[in-house]
Amino acid sequence: MTYTALVEIALVASVLTDLALLRTKLVTSLGFWIAYAILTGFQLVVNGLLTGLRVVQYDPGVIIGIRIAFAPIEDLGFGFALILLTLSCWTAVERRN
Amino acid sequence: MRHLTYLALLAGCLVGTAPLEIVLRTRVYSRWRRLVLALLPGVALGVSWDLYALHAGHWSFDERYVTGITLDRLPIEEVLFFIVIPICAVLTLEAVRRCRPGWLPGRGGSDGAIGVRGPDGGIGVRGPDGGIGAHGPDGGIGAHGPDGGIVVRESNPGPEDPIAMDRPAVEGDTR
């Protein structure tokens with residue numbers, strides 16, 4: 001399976017986790033998107049350094065080839081899924097206490 | 001030194017977001033048990049994905065920029081990545097919450113659990129009855145009137161019930 005396909009699955013899975021599984025509904029709140037926008041700004045810098053310095057290198061065959069700040073666009077989807085999953089879990093754990 | 005490149009980037013992320021905990025009092029590190037619980041799924045899924053991608057050849061790491069410590073060929077930096085970045089994310093979310101509580105679900109106020117616990121409100125409501133009843137003799141002190149808040153809080157336990165029971169009797173008389 002390509003990186004692109006895995007990212008698509010992760011995006012859907014993370015949104016479903018937020019909306020249906022944990023019901024934290026972060027994607028419906030303004031605060032989440034503000035936090036995500038801030039994080040994405042920094043992600044572009046850190047990811048740009050990692051890929052620009054070639055600390056990490058990608059097989060061209062598993063990505064669609066669009067790059068933002070040196071990094072494949074798939075990394076943005078990867079980042080979104082990781083952030084949403086984490087924040088959804090954080091919110092769910094918090095709610096329980 | 002080049003071997004520390006990736007590690008230094010991660011350290012930079014932690015250093016850069018640390019002020020949020022100190023200045024905005026996000027209370028993320030101080031609630032470390034919840035933090036660990038919240039990070040676990042991301043670490044497990046992220047590391048699994050990373051290992052798969054590494055073995056499938058999706059990406060590779062330049063050995064010159066990593067410490068060389070690995071977990072099944074996965075640079076330790078990648079494992080740390082799935083701890084560091086989520087911590088930054090939680091800190092950012094809590095920072096947004098501190099600045100704009102209403103922009104997030106939960107503790108901002110709509111959460112029922114908080115409303116129930118918020119007995120600040122409960123004390124406020126209950127207080128006046130109890131305060132008047134129990135501290136009636138304090139009338140003299142009542143000269144300090146505006147400080148009533150303190151009196152109310154002290155009188156909170158107990159004395160409300162007798163008053164509450166008196167009332168129906170009074171209302172009964174009106175019949």
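In this predicted model, helix α2(A) is followed by Arg54(A), a residue with a positive phi near 60 degrees.

**Helix α2 of chain A**
- Helix α2(A) covers residues 30-52, and its 23 residues should span 33 Å at 1.5 Å a residue.
- Buried positions in α2(A) are Gly31(A), Phe32(A), Ala35(A), Tyr36(A), Leu39(A), Gln43(A), Val46(A), Asn47(A), Leu50(A) and Thr51(A).
- The cover over these buried residues includes β1 (56-58), β3 (71-72) and α3 from chain A, and α1 (5-23) and α3 from chain B.

**Packing of α3(A) with α3(B)**
- Helix α3 of chain A (residues 74-96) packs with helix α3 of chain B (residues 76-99) at about 60 degrees, and their axes are 9 Å apart.
- That angle makes α3(A) oblique to α3(B).
- The crossing of α3(A) past α3(B) is right-handed.
- On α3(A), the contact is made by Leu82(A), Ile83(A), Thr86(A), Leu87(A) and Trp90(A); on α3(B), by Ile85(B), Pro86(B), Ala89(B), Val90(B) and Leu93(B).
- Nine of the residues in this contact are nonpolar, one is polar and none is charged.

**Chain B overall**
- Chain B contains seven helices and three strands, arranged along the sequence as α-α-β-β-β-α-α-α-α-α.
- Of the 175 residues in chain B, 24% are buried.
- Among chain B contacts between residues at least 6 apart in sequence, 69% join residues at least 24 apart.

Key:
Residues are numbered from 1 along each chain as its sequence is written. Chains are lettered from A and ligands numbered from 1 in the order in which they are written. This is a predicted model: local features need pLDDT of at least 70, side-chain atom pairs count only at pLDDT 80 or more; totals for chains, interfaces and linings use all residues. Axes are lines fitted to C-alpha atoms, for helices over the stretch in contact, and angles run from 0 to 180 degrees between N-to-C directions. Helices (H or I, at least four residues) and strands (E, at least two) are DSSP runs, numbered from the N terminus. Angles under 35 degrees count as roughly parallel, over 145 as roughly antiparallel, 65 to 115 as roughly perpendicular and the rest as oblique. A crossing is left-handed if the near helix is turned anticlockwise from the far one by less than a right angle, and right-handed if clockwise. Two residues are in contact if their C-beta atoms, placed from the backbone, lie within 7 Å. Ala, Val, Leu, Ile, Met, Phe, Trp, Tyr, Cys and Pro count as nonpolar, Asp, Glu, Lys and Arg as charged, and the others, Gly among them, as polar. The expected span of a helix is 1.5 Å times one less than its number of residues. A residue is buried if 20 or more other C-beta atoms lie within 10 Å of its own, exposed if 12 or fewer, and partly exposed in between; C-beta atoms are placed from the backbone.
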